[in-house]
Amino acid sequence: MADGRFGQIDDVELDMRALFGALLRASPWLVLFGVLFASALYVGLNFVTPRYQAETKILIENGESEITRAGANGQEARTLLDSEAIASQVQLIGSRDLATTVINDLGLSSLRELNKPRLMPTLDQMLVGIGLGRPAPQPTPESRVLQRFAERLDVFEIDKSRVIAVNFTSTNPEIAAQVANAVADEYLALERAARRSNDAEATRWLEAQIAGLRTRVTDAEAKVEAFRTEHGLFSGGQNNSSLAQQKLNDLNAELARLVAARSAAEARAAFVRKSLAKGETPDVVDVRDSQLIQRLREQQVALRAQVAQLSASLLSGHPRIKEQNAQLADLDVQVRREITRILRSIEDEAATARAQESDIGQDITRARAATGETNDAEVQLRALEREATAQRDLLESYLRRYREATSRQDGNYLPADARIISRAAVPLEPIFPKKLPLTAAATVALLLLAIAIITIRELTSGRALRRITLQAPPPAASAVPVEGRMRWDEEPTTLPPLQPALPPLSRGLSAEVQDSLNTIVDQIVEGGVRRVLIAMADTGDQAGRPLAAVSLARALSRRGNRVLLLDLHADGADSRAMAVEGSAPGLTDLFAGHASFTEVIFRDRRSRAHLISHGLLEFAPAAAQGEQFVTILDALDQTYDQILLDADGDLALQLAPKASAVILVSDGSESDPHTLRAFEAMQAATSAKVMLLIAEAPLSATEHHQAAELA
C-alpha cells in the first residue's frame with residue numbers, strides 16, 4: 001500500500017528461512033513415513049505375479065536368390081522394402097487369423113491367464129444390472145482368449161530399419177518365448193503359402209494364354225508369308241532391300257557414272273577445241289598418250305636441232321634451211337590433223353554417253369514405277385510383320401514365365417520375403433514388476449507430494465511471509481506530472497540535433513534547375529552510382545555559389561536512399577544550409593583523429609540525408625590521395641547508398657578519380673570559357689561520366705538552367 005504519491009510502500013516477501021525451518025521440523029516424520037511406505041511397497045510387490053516378455057526380430061527383405069531372381073524383380077523388391085509395405089506386414093503379423101492358428105497349434109486355450117473369466121463385472125455390466133443399460137452378449141471362450149492374446153502380443157517396426165519386433169508377455173517365461181517364435185514361424189509359413197497360391201494361379205492363367213497365343217502367332221506368320229509370295233516381295237542385295245529397289249539403285253549409280261563420263265568428255269573436247277583455235281597443243285591425256293603425236297614431236301625436235309646447227313654457218317635464205325623449215329611446217333600440220341582426229345573421238349565418246357543416259361533414264365522411270373508399287377505392298381507387309389512379331393514376343397514372354405513358375409513348383413523353391421534374425425530366448429528377469437525402480441519412484445513421488453503439502457500449508461498460514469517497507473524513487477528533475485503519471489524526457493538520438501540557420505554566401509536553385517537536377521537523380525539511381533562529385537566551375541561570381549549538392553542530397557533522400565554529403569568547402573555553406581553550426585567538428589577533425597564518426601555525422605533538418613561538415617582544421621588537396629581518406633570513404637560505403645563529395649578547385653580534381661560520376665555546376669552559360677576549361681580539365685582527370693549543370697544568374701523564371709550530359 002502506497003503512502004502519498006511518492007512516499008513509502010508496504011509490501012510482503014517470502015521468508016525462505018521460515019519455510020526451510022518448517023520443512024526441517026517435518027523431516028523426521030517425512031523420513032519415517034518414506035521408509036515405512038518403501039518397505040510396505042517392496043513387500044507388496046513380492047506378491048504381484050511377475051510377467052515375462054520375449055522378443056523375436058524379423059527382417060523384411062527380398063528372399064529371392066541372385067541366381068534365380070528374374071530381371072523384372074527390381075521394381076518388386078523396391079516396392080517390398082518401402083515403409084508402407086513394412087507397415088502392412090506388421091498388420092499381417094498381428095492379424096486375427098494368424099493369432100488363431102498359433103493358439104490352436106500351441107493349445108493356448110487351456111492357459112488360465114488367457115481363459116480366466118473376470119472376477120469383477122465391468123462398468124457396463126454393473127449398469128445393466130441396475131437397469132441403466134442394454135444387456136450385451138457375453139464373449140465366448142474363444143473370443144476371450146483371442147482378446148487377451150492380442151493384448152499381450154506387441155508387434156512394431158523398429159525405427160529407421162526394415163526389422164519388425166514381435167513381443168509376447170506372459171507369466172510363464174517359456175510360454176512367452178514359445179509364442180513369440182511361433183508367431184514368427186507362422187508368419188513365414190503364411191508368406192510361403194501365399195506365394196505358392198499366387199504361383200499356382202499364375203501358372204493356370206499362363207497355360208490358357210499360351211494356348212491361344214500359339215494359334216494367333218501361327219496365323220499371323222502365315223499371313224506374312226502369303227502376302228510376300230503374292231506380291232513378290234523378296235529381299236536381297238545391300239541393306240536387305242527389295243529387288244526393285246536394288247535395281248533402281250543400280251540404274252541410278254550407272255546414270256551417275258555416265259553423266260560424269262559425258263561431262264568429262266565434253267570438258268576435254270572443249271579444252272582441245274580451244275587449244276586448236278589458239279594454235280597450241282592441248283595438254284590432255286588423249287593427246288599425251290597418242291603414239292603418232294609423240295613420234296611427230298620427236299621429229300620436230302630433231303629438225304629444230306638441225307636448223308639451229310645450220311643457222312650457225314648458213315643464212316636463213318639458204319636452200320637447206322628452207323627445206324628444213326618446210327619439213328617442220330609439214331610436221332605441225334600432221335600434229336594438228338592428229339589432234340583433230342582425237343577431238344572427233346572425244347566428241348563421239350560424249351555423244352555415246354549422252355545416248356546411254358537417255359536409255360538409262362527411261363529404265364529408271366520404269367524402275368521407279370515398279371518400286372512405288374513394291375513400296376506400297378511393303379508398307380502392308382511391315383504392318384503384318386509387326387503384328388506377328390508382337391504376338392511372338394508376347395508368346396515368348398509367357399513361355400519364359402511359365403517355365404520359371406513350373407520349375408519353382410517342381411523344385412519346391414518358394415522363399416519368403418522375410419527371415420528371422422533373432423529368435424526369442426526364455427527371459428530370465430520379469431518385465432513387471434521392477435521392484436527397486438518402482439519402489440524408489442513411488443517413494444520419491446510421495447515425499448515430493450508431502451513437501452508440497454507442507455509448503456502450501458506454511459504459505460496459507462502466513463508464517464512464511466513477512467512485511468517490508470519500500471521507499472518510492474524520487475522523480476527526475478525534468479519529469480512533469482501528467483494525469484497522475486510521470487512524463488520523462490525522450491532519450492537523446494544517436495545523431496546530434498539540428499539547429500536551424502540561414503547559409504550566408506550561398507543561394508538556392510531555381511525550379512528549372514531543380515527539374516534538371518531531378519533528371520540527374522534518375523540517372524544516378526538507375527545506374528547504381530555510389531560516389532558523386534559536385535564541383536563548381538570557377539566563374540568569378542561573388543554572389544554566392546548554388547547549393548546543388550544540398551538539393552541533390554535531399555532529392556536522393558526523398559527516393560528512399562541513404563545519402564551522405566561530404567562538405568569540403570571552407571565557407572561551410574552546405575553545412576549551414578542543412579542546419580549545422582559552423583563550429584561543429586567535421587571531416588578534418590575525423591581525418592586528424594580528434595573526433596569519431598558519431599561526432600561528425602549530422603542530420604539534415606529538411607530530409608533524412610546525413611552530413612559531414614568541413615571541420616575546424618585545414619584540409620590539403622594532397623590529403624585526398626592518402627590511404628586514410630580512401631579508408632574513410634570505404635567505411636562510409638558500407639553504410640550509405642550514395643556519398644556526395646562537394647568540392648572545387650584542385651581538391652575536386654584530386655577527388656575526381658575516386659568518383660563514379662561528376663556534376664560540374666556553373667553560373668555562366670555553356671559556352672563560357674571558364675566553364676569549358678573546367679569541363680575539359682574534369683574530363684582529363686577522370687574516366688567517369690561528367691555532367692554539366694548550368695545555373696545562370698540572375699535566377700529568373702524564363703532564363704535559368706541547362707543540364708547536359710557529356711561523355
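Q: How many bridges join β14 to β17, and do the strands run parallel or antiparallel?
A: Five bridges, and β14 (residues 563-567) runs parallel to β17.

Q: Which residue of β17 is the bridge partner of Leu533?
A: That's Leu645. The strand pairing with β17 there is β12 (residues 531-536), in the parallel sense again, over four bridges.

Q: How many residues of β17 are buried?
A: Five of five, so to speak: β17 (residues 642-646) is mostly covered, with five of its five residues buried.

Q: And which residues sit on each side?
A: Gln642, Leu644 and Asp646 are on one side, Ile643 and Leu645 on the other. Both faces are covered, as those residues are all buried.

Q: Switching topic. Where is Ser607?
A: Ser607 is in the loop between β15 (601-603) and β16 (610-612).

Q: Is Ser607 buried or exposed, and why?
A: Buried, because its relative accessible area is 16% and the cut-off for buried is under 20%.

Q: What does the Ser607 side chain make a polar contact with?
A: The side chain of Asp604, at 2.8 Å. A polar atom of the Ser607 side chain also lies 3.3 Å from the backbone nitrogen of Ala609.

Q: Leaving aside neighbours within four places in sequence, what is Ser607 in contact with?
A: Arg554 and Ser557.

Q: Now α7. What should its twelve residues span, and how far apart are the end C-alpha atoms?
A: At 1.5 Å a residue, helix α7 (residues 141-152) should span 16 Å. Its end C-alpha atoms are 17 Å apart, which agrees.

Q: Which residues of α7 are buried?
A: Arg144, Val145, Leu146, Arg148, Phe149 and Arg152.

Q: What do they pack against?
A: The buried residues of α7 pack against α4 (96-106), α5 (112-115), β3 (153-157), β4 and α8 (173-231).

Q: How many aromatic pairs does the count come to?
A: Two. One is Phe149 with Phe168, a tilted pair at 5.1 Å centre to centre, with 40° between the planes.

Q: Which elements does that pair link?
A: Helix α7, through Phe149, and strand β4, through Phe168; they are distant parts of the chain, 19 residues apart. Both Phe149 and Phe168 are buried.

Q: And the Trp205 and Tyr398 pair, why is it edge-to-face?
A: The planes are at 65°, so the pair counts as edge-to-face; the cut-off is over 60 degrees. The ring centres of Trp205 and Tyr398 are 5.5 Å apart.

Q: How many residues apart are Trp205 and Tyr398?
A: 193, with Trp205 in helix α8 and Tyr398 in helix α12 (residues 319-411).

Q: Which are they, buried or partly exposed?
A: Trp205 is partly exposed, with a relative accessible area of 44%, whereas Tyr398 is buried at 13%.

Q: Last topic, confidence. What's the mean pLDDT?
A: It's 76 for the protein, and 77% of the residues reach 70 or more.

Q: Where is the pLDDT below 50?
A: Residues 1-12 are one such stretch, with 31 contacts in the model beyond near neighbours in sequence. Residues 468-506 are another, with 70 contacts counted that way. Where pLDDT is low, the predicted coordinates should not be read in detail.

Methods: Residues are numbered from 1 along each chain as its sequence is written. This is a predicted model: local features need pLDDT of at least 70, side-chain atom pairs count only at pLDDT 80 or more; totals for chains, interfaces and linings use all residues. Side-chain values use heavy atoms; hydrogens and water are left out. Helices (H or I, at least four residues) and strands (E, at least two) are DSSP runs, numbered from the N terminus. Buried means under 20% relative accessible area, exposed over 50%, partly exposed in between (1.4 Å probe, protein chains only). A polar contact is a pair of N or O atoms within 3.5 Å; within protein, one must be able to donate a hydrogen and the other to accept it, and residues adjacent in sequence count only if both atoms are side-chain atoms. Contact means heavy atoms within 4.5 Å. pLDDT is the predictor's confidence in each residue, from 0 to 100. The expected span of a helix is 1.5 Å times one less than its number of residues. Rings of Phe, Tyr and Trp (its six-membered ring) pair if their centres lie within 6.5 Å; planes under 30 degrees apart count as stacked, over 60 as edge-to-face and the rest as tilted. Two strands pair if DSSP finds at least two bridges between them.
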